[in-house]
Amino acid sequence: MAARGTPSGPGKTAPRLINDLLDHDPRNEFKHGRNLLVDPGRKFNFGRGPTLPHRKDRLDCRHKLMRKEHQTNTPRVEEEPDSSTEYKVGAYCTACLHHFDITANFWRRNDRKTPCSLSDEFNPLHHFLLAKSQTAKEHKEKYGVNKYDLFIEAHRFVCSGSECPLQLDIKISPPRLNHIMLSYILDPAKLDIRGQREIKNDPERYHGMSPIKPLQALGYLRQYLVDAKGAKSKTELRKIARRNKKYMLTFADECDELFEYLDFKPIEEASPEPEEGPNCFWQLPIITDLNRNFIDDVVYEIDLLMARRPMDEGPRVIVNHVPVLKDIERSLGCLDYPTRNRTVDLSADEHPCYISLGAVYDFTDRLLEWSYERQCECDPLNKPYYLDCLEDLATGRQSADLQLRVVMATSAGEVGQKAIEDSYRFFNLDPDSVEGDEHIMGLYKSRIESAPRQKDAARDCLLTIAKHRKSEKIEALANDRTMSFEDALEFLNVPADTASDSIEAAAVALSLESSDKAKIARALRVIANQRSGDFTLQRAAASMESGTGGSTLDVGDAYHRLQIGTRNVPDEIVFTYYQSLSNGAPSGSKDSYSEALRVIALDRQSNFLLRKLEDPNADVQAGTAEPVGLDNIGNTCYLNSLLQYYYTIKPVRDMVINFQQHRMSLNDEDIKNKRVGGRIVDKSEIIKAQKFVEELHNLFENLKTASTRSVKPTRELAELTIFSSAAVADFRRASISSPHGPPSLSSIMNGPVYGPQWPPPPPPPLPTTLEEDIEMVDHPRNKNAENGDDSSEATLVDLEQLPPSYSETTGNEESSPGADAVMVDGEDASPDKSSASEKPPPIPPRNKSGLVIQTNENKDLLPNDELWKFGSQQDVTEVIGNVMFRLQCAIKPTSIEETSGAQIDIIRDTFFGANTVYTQKALSLERKTEAWPSIIVFPGKVGRDIYEALDVVYDEQQVEIDNTTVPQYASLSKLPPILQIHIQRTDFDHETHRAFKNRNPVVFPETIYLDRYVDSGDPNSAIMRRRRETWGWKERLRTLEARHTALKNEQAQISVPDALLATKDFVSNLQEEEIEGLEVDPALPEALEERISEVAAELEAITGRIDILRKRIQGQFVDMREYEYKLQSVFIHRGEAGGGHYWIYIYDFEHDIWREYNDEWVSEVKDRRTIFEHQGGAGGTPYYLVYVKSSDIKNLVEAVCRDVQEVQMTDVTEEWPDLVENGVSSGANEDEDSSETRHIEHAKPRPLRPKPAVLEPTSAWEDAWKGSEDFNVGVSGPNEGDANGRPW
Ligand SMILES: [Zn+2]
Ligand SMILES: [Zn+2]
């Protein structure tokens, strides 16, 4: 824009200039060291430095400009200027009486032809740059004093539009009548003295007259001047006789100076009576080009002065002042420019960013954007500052368009002034530093050497400086630091799917050879970030960066250093403390704060803090919105999975957390009536159960409120969860009786314990010393079980009279042990012996819990670690049964079931379903209903889907009752809200007589429909007809498959057709060789040939029919979708029987994510195939599935339930009491009644509010004006600007 002599520097759009003209009080030009009209606004500091001085003084005049009719020549409406145009506006201010002469000419700069216009997208408004100025002093020196041209200042502006010819002159003049001259006629006292004197000198002449008032004096003077202006010619001019009575009273001889100043001319004429001396006159001024405007101006001033006179001075002429603002706007081409539609309080000061951009507050976003661009063009040196301005306004206006413009500028490499200053300060440099590039690069290098963790921040700052300085050298250095995920893998020489610990090992190995530890750490960090939440790698990266592998700083000291009084605060608060201390701290202390934060982050294992430490803007969620992990407390197998699972089941969680409301009372009457699963329970069982729920309560409170990423279940809880009382008693007995010390649980249980896959053991031998014990145990179902422990079988006989725990039978009561046995597995009763391998020997009865309870409770914990040491795996169904039993014992019933007297409660309502078993006897169809907490299914010989697995439970089968084989099937007569399916993977090898883990897949979808199993109560209902049809198909399918198997003869690895073919070849060879004595039927090969094709045809036909049948079976129920269930949890076991690792996947319905809960780690599952493809392989097998009734999901499950304690931050410099200690000490004596008061330690610290301002983003603008008392007026509304009403 500097072309063709246009000045450069910041400019002002026409509306801005007009606004500044109105604000500029020429009397105070240098009051603030700047001229509002011509100087650019002060640079806003965005709240980072001292507050800006106010722009205007309150006494300054905001001009009210009126038109001087004869000095104004403005465009007519709609007129566009051309290259000969000149507009003039003469104006005066009714407040300060100054004169303003504005001339806009379009002809002087005649090399430009196209004035800016609102219709021109690129030049909608004139944008004025100051070309030159002249002060009164300069003018006086040059031209001397000239009363016709008395001025204060004059300025020339030119428009920056490249084709715009506009040149604008603004001249500001003081009032024509100065105070001294005016005092002759405006001072009532002077006038009074003057009048009294004249009257006294000649009382006769002035008889009846009194002194003149200022209003009249002004009126006389005005009249003279108006007469003078109106005179057509010199000759017409009146003379004023100075002896005139009115003149004498008003002016006498004392106002000669005034009259002469106003160009009145004194005239003397010889008097007809010489003794009286000459007659004196004032000739009215002769109006010439020279004084025309001068006299004109004086009249305007007199008008204004008259208007100001007190009313008691008499009536006056009302003069109509005509506002001139629109004339000015029209002349400057900005009348009716497009504006934002908003109300703005004009008394409020404008946001300084508008002024800096040469814009005004009511500009549209588009005009503002244009102003920014034009300002950058004209004043490129300050581009970064203008970007900050635009950004601030974009934020204040909440304008997406402007924000986009900011983003565009940023992505085009522009940087804001703030960023530049921050970047220099990061290196302790002055933003105006004249240091060379090399110096800055050196600072960068030494900084990242001494504080490697600041590397990223240092790099960003260096890049900004590079851009600011346009230094390629610096930029190259800064850019040498990016590392992609692939780069990182390559650098560490590991494939993408390498396990975290192996990557860490690779990095450590590399660090032994390489000195570039920072780069290794960086690579680890990049990989860790890519694998979101991989704490192992984050920690490895952190320790690699610290160089020593760990800090010597103690965790307590770290908290102290960050001035955090209590450790029990959420991650976010820790980070806030860190930030508030670190911001603005010198770089040395910054490092020490970083160290403290890192120590805390590692101690808490907080991925959030580590990521934030590395990059404060990192998009990581604090742990407080995520579920909490559970530390592994030893060989507790699926304990953690189970606890996490129960925590997500709302009815259980709510009950446990509000346990006091549900607690079973311990009065004898209630206990007497209590039946859990139909069984009487005694007081000690209830007390133990309540202890269990209290422990669970504490854990749940921790899961809810912990600010750490994981918590630790207590040993007590683990024991109470996993071991039924009987199991513990067994262990004790065995350890007493064995001469070789305590045996492992597994040895007690007759064989290796294989984790949850392992079937519940047969009951252990009961020593006679414990005969008073009442034990409830599984009924041994399979008398021919391979583990046959005859002594235990014998003891169990008398126990069988006890009611079974979770297999209550109601209705047609004819339950024989035989009928129960059938329930184990539908295929069990199949005559086909080949299915026997699917039947694990000592499996529990269908859905029996395997619960073993004894009433001889021992309150002590297990005495030693032996039980844990020797493994604690029990069947998951058994443990779940134990948990449910304890929960039910601990709580009071909601009602009592009439038929059995069993208690109905929250647990039962949530988990229990029921089957009705139909047995076709000779004379009747008998039905029997049994409730269950879970369904047990089997993976089968080749794997199946979940329906095929469930079919085994519900399909018709042949059972033997009273030596008669009869059909029997089951229907689902009560649908549980939470459906638990145990996939029983323990299988038994009949040849080796060993149990093994059946890894065959059970394919389970996220949604299942149970319609096909639902009991209709009518054996001939539509659903039953469909079921029977399916059973028929399955029967045929089994026959076909058997035939197919036989023909394929897969076990011998040669199919029947192949065998025949081989036989045929053999026979043919025999024939050809014509061996002596061997007769071969000549028809045989042919017959064989025929047979071969027959068999092949049969195989093909069978295959086709099998296909059709399978499709039919699969499609039979697909249209029935009323009883929908959604998958909620998947328990996984990895490894072999007897050990391995357990974790659980839980679905978060609210957020539509699956999480993996793997002991202390809870992480999102990004690829869901990892859950559904855990089938068969070594990766892990699902062994327990939980489905939730779709229609009630919201009330049944909730994955995330967090309520992290909000801990107060006081002033960080304050000494601060240990809240936790206080909380505990005030929380009653735990020793007195530990079971009642245990959870009090979770009482919340007093709720307090964090203090640091960083938590609440405030606008820099607002900060800057805080405490500026002069401007606390005119708030325009909550969203109309900042708190002080300064509009954006
Ligand atoms: Zn004024
Ligand atoms: Zn222009």
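Modeller: Two strands pair if DSSP finds at least two bridges between them. Strands (E, at least two residues) and helices (H or I, at least four) are DSSP runs, numbered from the N terminus. The model is predicted, so local features need pLDDT of at least 70 and side-chain atom pairs count only at pLDDT 80 or more, while totals for chains, interfaces and linings use all residues. Residues are numbered from 1 along each chain as written, chains are lettered from A and ligands numbered from 1 in written order, and side-chain values use heavy atoms, without hydrogens or water.

Biologist: In E10, which residue is the bridge partner of Ala-241?

Modeller: Strand E10 (residues 279-283) and E8 run antiparallel and are joined by three bridges. Within E10, Ala-241 has as its bridge partner Phe-281.

Biologist: In the hairpin of E33 and E34, which residue takes a positive phi?

Modeller: Strand E33 (residues 1153-1158) pairs with strand E34 (residues 1161-1165) in the antiparallel sense over five bridges. One bridge partner in E34 is Glu-1164, which faces Arg-1155 in this pairing. Two residues lie between the strands, and a positive phi near 50° is taken by Asp-1159.

Biologist: Is the arrangement of the four donor atoms around the zinc ion (ligand 2) tetrahedral or irregular?

Modeller: Donors are N, O and S atoms within 2.8 Å of the metal (3.2 Å for Na, K and Ca); water is not among the atoms, so sites may look incomplete. Here they are Cys-116 (SG), His-126 (ND1), Cys-159 (SG) and Cys-164 (SG), at 2.1 to 2.3 Å. Four donors count as tetrahedral if all angles lie between 85 and 135 degrees; four count as square planar and six as octahedral if opposite donors are over 155 degrees apart and all others between 65 and 115, and anything else is irregular. Because the angles around this zinc ion (ligand 2) are 99 to 120°, the arrangement is tetrahedral.

Biologist: How many residues apart are His-126 and Cys-159?

Modeller: His-126 counts as buried (under 20% relative accessible area, where exposed is over 50% and partly exposed is in between, with a 1.4 Å probe and protein chains only), because its relative accessibility is 3%. Cys-159, at 0%, is buried as well. His-126 lies in the loop between strand E4 (99-105) and strand E5 (127-135) and Cys-159 in strand E6 (residues 153-159), so that the pair links distant parts of the chain, and their separation is 33 residues.
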